[in-house]
Amino acid sequence: MICNNLVNYTSETDIDDRYGDLDSRTDSDIPEIPPSSDRTPEILKKALSGLSSRWKNWWIRGILTLTMISLFFLIIYMGSFMLMLLVLGIQVKCFHEIITIGYRVYRSYDLPWFRTLSWYFLLCVNYFFYGETVADYFATFVQREEQLQFLIRYHRFISFALYLAGFCMFVLSLVKKHYRLQFYMFAWTHVTLLITVTQSHLVIQNLFEGMIWFLVPISSVICNDITAYLFGFFFGRTPLIKLSPKKTWEGFIGGFFSTVIFGFIAAYVLSKYQYFVCPVEYRSDVNSFVTECEPSELFQLQSYSLPPFLKALLRRETISLYPFQIHSIALSTFASLIGPFGGFFASGFKRAFKIKDFANTIPGHGGIMDRFDCQYLMATFVHVYITSFIRGPNPSKVLQQLLVLQPEQQLNIYKTLKTHLIEKGILQPTLKV
């Protein structure tokens, strides 16, 4: 028995020694990914042909940035549903860019089912998260559709069954001599899902709290990217971090002050309009999303006493602000001080795999992930901030949940609530005849 075990152990060791080099590649062994082709429009190339590469890149980035901002404004005008589709599209593209890097790096091994399983897991995770959103925010709509009731009632079980199917397919796809490498790629897929799908789901959750919770954080990160680049381009002298040699302290500090000021002003402008401050709700009677409400105190002007040194400087005792403007300072500070670390993380990732950009989707900018690496970190912070300091009970959501209950359950809740209000003296007890 001992001899048999020894023989088996020896044979397995021989296999590991023989093929161990396939799974023990160092950073220097990682094959270089060929540089992406230049997708800059020919008309821009001709117009900027006389400039140095530094200024040519500056103009290309500037023109494309203005174009993207203009399209973003158009989508905001088109409403909440289009913003959700935009978030979903960005999520899918970011996932594609990261998975493609993994596929390019390890394609020499010809691993089976890697890309197929990666996209399958993406569909499963999206089905789970967006199904939860539908059940949470569109309960009255689901109640009217008998086909959806079964899917919603057993949503989590169906999601788990779909994931198990993918898990079993992965186990069946394991190939001798490549086990470790395949598990690397399995982990690669799941970390990519964590970065893209869960974060984009949080972005949509923030959007449902009110478009202002979506726009101010996102625009603050965009502002920080632009102003830090401009300050660094014109005044940058002191390197900030080795991961990104072009990032400078001048750009980092200039971006911080610019972003805080921008966030404060943007919060003031957006707080005036119901379209931006009201929670996004689905109205079954009109079969569409609506943003109509009585703005909360967070979006109503309040008077604040000024500190002594500001009283002397501004020659006034008080100042009128929207409370959300104070919260915007916290959001902008995070966007400019902590948000860039998402970009530094992405820079380290790209250096590890010897690539300049995630893709060449946007001329002068790289891939979609290159532009949204800081946004995902920001989305998590905003969600945590809302749940910790802002969010209270949502009567509309509670009402939607009550409407899907059985009549007997609704009556029991009505009687319990009526008794509670009578005990608190809010309602007068009915007289028995």
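Here are some numbered notes on this predicted model.

1. Ground rules. Numbering starts from 1 along each chain as its sequence is written, and side-chain values use heavy atoms, with hydrogens and water left out. As this is a predicted model, local features need pLDDT of at least 70 and side-chain atom pairs count only at pLDDT 80 or more, while totals for chains, interfaces and linings use all residues.

2. Confidence. pLDDT is the predictor's confidence in each residue, from 0 to 100. The protein averages 82, and 82% of the residues score at least 70. Watch residues 1–29, though: pLDDT is below 50 there, and the stretch has 19 contacts in the model beyond near neighbours in sequence (a contact means heavy atoms within 4.5 Å). Where pLDDT is low, the predicted coordinates should not be read in detail.

3. Overall make-up. The protein has 18 helices and six strands; these are DSSP runs, H or I of at least four residues for helices and E of at least two for strands, numbered from the N terminus. Of its 433 residues, 38% count as buried, where buried means under 20% relative accessible area, exposed over 50% and partly exposed in between, using a 1.4 Å probe and protein chains only. Among contacts with a separation of 6 or more, 70% come from residues 24 or more positions apart.

4. The largest nonpolar core. A nonpolar core here is a set of buried Ala, Val, Leu, Ile, Met, Phe, Trp, Tyr and Cys residues joined through side-chain atoms within 4.5 Å. The largest one has 37 residues, and L83, I212, W213, F214, L215, F324 and L331 touch the most other members. Helices supplying at least two residues each include α3 (53–78), α4 (80–106), α9 (179–208) and α14 (323–337). α10 gives the most, with eight residues. Apart from this core lies another, of 31 residues, among them I90, C94, L181 and W188.

5. What does L215 touch, not counting residues up to four places away in sequence? Its partners are F72, I76, L270 and F276.

6. α10 against α11. These two helices pack at an angle of about 150°, with axes 7 Å apart; axes are lines fitted to C-alpha atoms, for helices over the stretch in contact, and angles run from 0 to 180 degrees between N-to-C directions. The crossing is right-handed, meaning that the near helix is turned clockwise from the far one by less than a right angle. Residues making the contact include I212, L215 and F235 of α10, and G251, G254, G255 and L270 of α11. By class, the contact has eleven nonpolar, eleven polar and one charged residues. Ala, Val, Leu, Ile, Met, Phe, Trp, Tyr, Cys and Pro count as nonpolar, Asp, Glu, Lys and Arg as charged, and the others, Gly among them, as polar.

7. Two residues in helices. Q375 sits in α16 and counts as buried, at 8% relative accessibility. Q375 touches P217, I218, V221 and I222, leaving out residues up to four places away in sequence. D225, in α10, is partly exposed at 26%. D225 is 114 residues from G339 in sequence, but their C-alpha atoms are 9.8 Å apart.

8. Backbone check. K177 has a positive phi of about 85° although it is not a glycine, and K354 has one of about 55°, also without being a glycine. K177 is in the loop between α8 (155–172) and α9; K354 is in the loop between α15 (340–352) and α16. K177 is partly exposed at 36%, and K354 is partly exposed at 33%.
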